[in-house]
Amino acid sequence: MGLREFVVLDDHEALVAAAAERIAAVLEAVGPRAAVCLTGGSTVTPVYRALAAPPLRRRIPVGRIDWFFGDDRFVPPDHALSNVAQARATLLDPLGVPAGRVHAMPTAATDPDAAAREYETTLVAHYGVGRLDPARPLFDLVLLGMGPDGHVASLFPGKPQIEESERWVVGVDDAGHPPLVPRVSLTLPALASSRALLFIVSGQDKRPALSRLLAGDDLPAARVRSTGPVTWLVDRAAAPQTLIE
Ligand code: 6PG
């Protein structure tokens, strides 16, 4: 298991700049073929915009990267709530990523579970075999946000999907958290198959969950592991006192 590090940034603007710089630094160093797992949520949107704009955009080796998703809402791919629509508009289209390198969750499937099984097939095809090998992570970089209840991707506290240990992708019929639409989510083992994992967390509504996580509470975000380092970039509004002292 990799190291866990917390970095507190002065404000939201500094958080966005630090996150974009770290992502660019990881991506410019990847090998000939890399896989990145994107997150949804509002915090990451300005980070995506910064990556797609000068000066960072020229550090992104677009021709070498396949883009995947940690979760999506079970809505059409052009819907206002769609994570892939958000990523396309703010990052992938401005970077000129070819359509074949964007691996969206198949939300036109009959139901979230069917979409999850289909997406798992996509991931397995990309990885080459159906068993994850810690020596060869599925993703070079995983991005995650954290909800105020401590959820990650679409793995919510108290829901059975958080316990999944075999499947790489699961359907979530009842999110129990706004927006109240069904979801499709990578599981903890799939997210953990990563060379690096970066949390980007902003705002005072996240502070109670971060406090609980630091105190050792069993939240979904506390269960996230990676083969490589797990870095938490947190702005001051979200940071509990123990991280600021
Ligand atoms: C989603 C997510 C979700 C998100 C957190 C944080 O599709 O909503 O991937 O896990 O990252 O809820 O969201 P904010 O950045 O909006 O706080």
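1. Helices (H or I, at least four residues) and strands (E, at least two) are DSSP runs, numbered from the N terminus. This is a predicted model, in which local features need pLDDT of at least 70 and side-chain atom pairs count only at pLDDT 80 or more, while totals for chains, interfaces and linings use all residues. Residues are numbered from 1 along each chain as its sequence is written.

2. Asp 140 lies in the loop between α4 and β5. A residue is called buried if 20 or more other C-beta atoms lie within 10 Å of its own, exposed if 12 or fewer, and partly exposed in between, with C-beta atoms placed from the backbone. Asp 140 counts as buried because it has 22 C-beta neighbours inside 10 Å. Residues are in contact if their C-beta atoms, placed from the backbone, lie within 7 Å. Leaving aside residues up to four places away in sequence, Asp 140 touches Val 30, Ala 34, Ala 35, Val 36 and Arg 195. From Asp 140 to His 79 the separation is 61 residues in sequence and 28 Å in space, C-alpha to C-alpha.

3. An open sheet of 6 strands, with parallel pairing, has the order β1-β9-β8-β5-β2-β3. Its edge strands are β1 (4-9) and β3, each of which pairs on one side only. Pairing here requires that DSSP find at least two bridges between two strands. Strands β8 (residues 197-201) and β9 (residues 230-235) run parallel and are joined by 5 bridges; Ile 200 has Leu 233 in β9 as its bridge partner.

4. Strand β2 (residues 34-38) is mostly covered, with 4 of its 5 residues buried. It pairs in the parallel sense with strand β3 (residues 65-69) over 5 bridges, and Leu 38 has Phe 69 in β3 as its bridge partner. β2 is also joined by 2 bridges to strand β5 (residues 141-144), and these two run parallel. In that pairing, Val 36 stands opposite Leu 141 in β5.

5. β2, helix α2 (residues 45-52) and β3 make a right-handed β-α-β unit. Right-handed means that, with the strands pointing away from the viewer, the path from the first strand over the helix to the second runs clockwise.

6. An open sheet of 3 strands, with antiparallel pairing, has the order β4-β7-β6. The edge strands are β4 (71-73) and β6, and each pairs on one side only. β6 and β7 run antiparallel and are joined by 4 bridges; the bridge partner of Gly 171 in β7 is Val 184.

7. Which residues of α4 are buried? They are Pro 112, Ala 115, Ala 116, Tyr 119 and Leu 123. These residues cover an arc of only 100° around the axis, which puts them on the same side of α4; the arc is that of the directions from the helix axis to the C-beta atoms. An α-helix has 3.6 residues a turn, so residues three or four places apart point the same way. What covers the buried residues of α4 includes β6 (169-172) and β7 (183-186).

8. α4 lies across β6 and β7 and runs at about 165° to β6. Such angles run from 0 to 180 degrees between N-to-C directions, and axes are lines fitted to C-alpha atoms, for helices over the stretch in contact. Just after α4, Gly 128 takes a positive phi of about 110°.

Terms used. Two residues are in contact if their C-beta atoms, placed from the backbone, lie within 7 Å.
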